[in-house]
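Biologist: Hi, I have a model open here and could use a guided tour. Can you walk me through it?

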Amino acid sequence: MSFTIEQIAQYNKELKTKSPLEIAQWAMSHAKKPVVTTNFRPYEASILFVCVEAKKDIPVIWCDSGYNTPNTYRHAEATIAQLSLNIDLYVPKETSAHRDVVMGIPGVDDPLHKVFTEQVKLEPFKRAMGTHKPDVWFTNLRKGQTALRDSLDILSLSGNGVLKVSPFYYYSDEDLDVFMKEHELPNEHKYFDPTKVLENRECGLHTS
């Protein structure tokens, strides 16, 4: 499956009036090998819910950096159980305990931060995508999160041509609060991403 830039622009106009579930269902109807990625950060249960509603057994790629808070791990286990997620777990090749001895968690201005990000997030992600080779990748990108994300839309193309689908692209936090409450979905606000530190920084998954 492949769309031209012009087709994607037209579909984005049409999909803007659709609900997140309708967007997910539309994308599934065009997908041969869809996946959804998650790190169980705030509001992730929303994208997981609509993806599972649209395709019950969709592969859910969880790239676990090994640095999640205990609360995030508890939240992940509860969400997996509630939504019966088809989890495919990817972890770094080194343990966090080993890395703590070698480099710790470098600050964003430290030259080692790039190495750290590659090890704990980008390499496992590339390995996962190389294994699944998806044609459609569901994400929970939203407008207003970062400058890069403001330049995208519901549908966008990744660097390697995979169609990225963000059903909640035009949702605010307040909109998602309502959605989560309506569908009795768990949320997580004690999430920490050592590769980003600040919410308005990109970690690299969506820049390549």
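Biologist: Let's start with histidine 113. Buried or exposed?

Modeller: Histidine 113 counts as buried, because its relative accessibility is 5%, under the 20% cut-off. One thing to keep in mind is that this is a predicted model.

Biologist: Good to know. Where is histidine 113 found?

Modeller: Histidine 113 belongs to helix H6, which covers residues 112-132. Its C-alpha atom is 9.8 Å from that of lysine 196, a residue 83 positions away along the chain.

Biologist: Let's zoom out. How many helices and strands does the protein have?

Modeller: There are eight helices and six strands. Going along the sequence, they follow the pattern α-α-β-α-β-α-β-α-α-β-α-β-β-α.

Biologist: And what percentage of the residues count as buried?

Modeller: Of the 208 residues, 50% count as buried. As for contacts, take those with a separation of 6 or more: 74% of them join residues 24 or more positions apart.

Biologist: On to the strands, then. In what order do they form the sheet?

Modeller: The order is S3-S2-S1-S4-S6-S5, in an open sheet with mixed pairing. S3 (86-90) and S5 are the edge strands, each with a single partner, so one side of each has no neighbour in the sheet. On average, neighbouring strands are turned by 30° against each other, ignoring direction.

Biologist: In what sense do S1 and S2 pair?

Modeller: S1 and S2 pair in the parallel sense, over three bridges.

Biologist: Which strands does H1 lie across?

Modeller: H1 lies across S5 and S6, and runs at about 155° to S5. Asparagine 12 is a residue of this helix, which spans 5-15. Asparagine 12 is buried, with a relative accessible area of 7%. Leaving aside residues up to four places away in sequence, asparagine 12 touches Asp153, Ile154 and Leu155.

Biologist: Now H3. How many of its residues are buried?

Modeller: Nine of the 11 residues of H3 (44-54) are buried, so the helix is largely enclosed by the rest of the structure. Among them are Ile47, Leu48 and Phe49, along with Glu44.

Biologist: Take H2 first. At what angle do H2 and H3 pack?

Modeller: The angle is about 50°, with the axes 9 Å apart. The two helices are therefore oblique to each other, and H2 passes H3 in a right-handed crossing.

Biologist: Which residues meet there?

Modeller: Pro20, Leu21, Ala24, Gln25 and Met28 of H2 meet Val50, Cys51, Glu53 and Ala54 of H3. By class, that contact has seven nonpolar residues, one polar and one charged.

Biologist: Which residues of H2 are buried, by the way?

Modeller: Pro20, Ile23, Ala24, Trp26, Ala27 and Met28 are buried in H2. Besides H3, these pack against H1 and against strands S1, S4, S5 (155-157) and S6 (163-165).

Biologist: And the other partner, H8? How do the axes of H3 and H8 cross?

Modeller: The axes of H3 and H8 cross at roughly 55° and come within 10 Å. H3 and H8 are therefore oblique too, and H3 passes H8 in a left-handed crossing. Ala45, Ser46, Phe49 and Val50 of H3 make this contact with Leu176, Phe179 and Met180 of H8. The residues of the contact comprise six nonpolar and one polar, with no charged residues.

Biologist: Last topic, the backbone. Where does phenylalanine 40 lie?

Modeller: Phenylalanine 40 lies in the loop between S1 and H3. It has a positive phi of about 60°, although it is not a glycine. Most residues other than glycine have a negative phi. Phenylalanine 40 is also buried, with a relative accessible area of 0%.

Biologist: What about tyrosine 43, what is its phi?

Modeller: Tyrosine 43 has a positive phi of about 70° and is not a glycine either. Tyrosine 43 is found in the loop between S1 and H3, and counts as buried at 7% relative accessibility.

Definitions and conventions. Residues are numbered from 1 along each chain as its sequence is written. This is a predicted model: local features need pLDDT of at least 70, side-chain atom pairs count only at pLDDT 80 or more; totals for chains, interfaces and linings use all residues. Side-chain values use heavy atoms; hydrogens and water are left out. Helices (H or I, at least four residues) and strands (E, at least two) are DSSP runs, numbered from the N terminus. Buried means under 20% relative accessible area, exposed over 50%, partly exposed in between (1.4 Å probe, protein chains only). Contact means heavy atoms within 4.5 Å. Axes are lines fitted to C-alpha atoms, for helices over the stretch in contact, and angles run from 0 to 180 degrees between N-to-C directions. Angles under 35 degrees count as roughly parallel, over 145 as roughly antiparallel, 65 to 115 as roughly perpendicular and the rest as oblique. A crossing is left-handed if the near helix is turned anticlockwise from the far one by less than a right angle, and right-handed if clockwise. Ala, Val, Leu, Ile, Met, Phe, Trp, Tyr, Cys and Pro count as nonpolar, Asp, Glu, Lys and Arg as charged, and the others, Gly among them, as polar. Two strands pair if DSSP finds at least two bridges between them.
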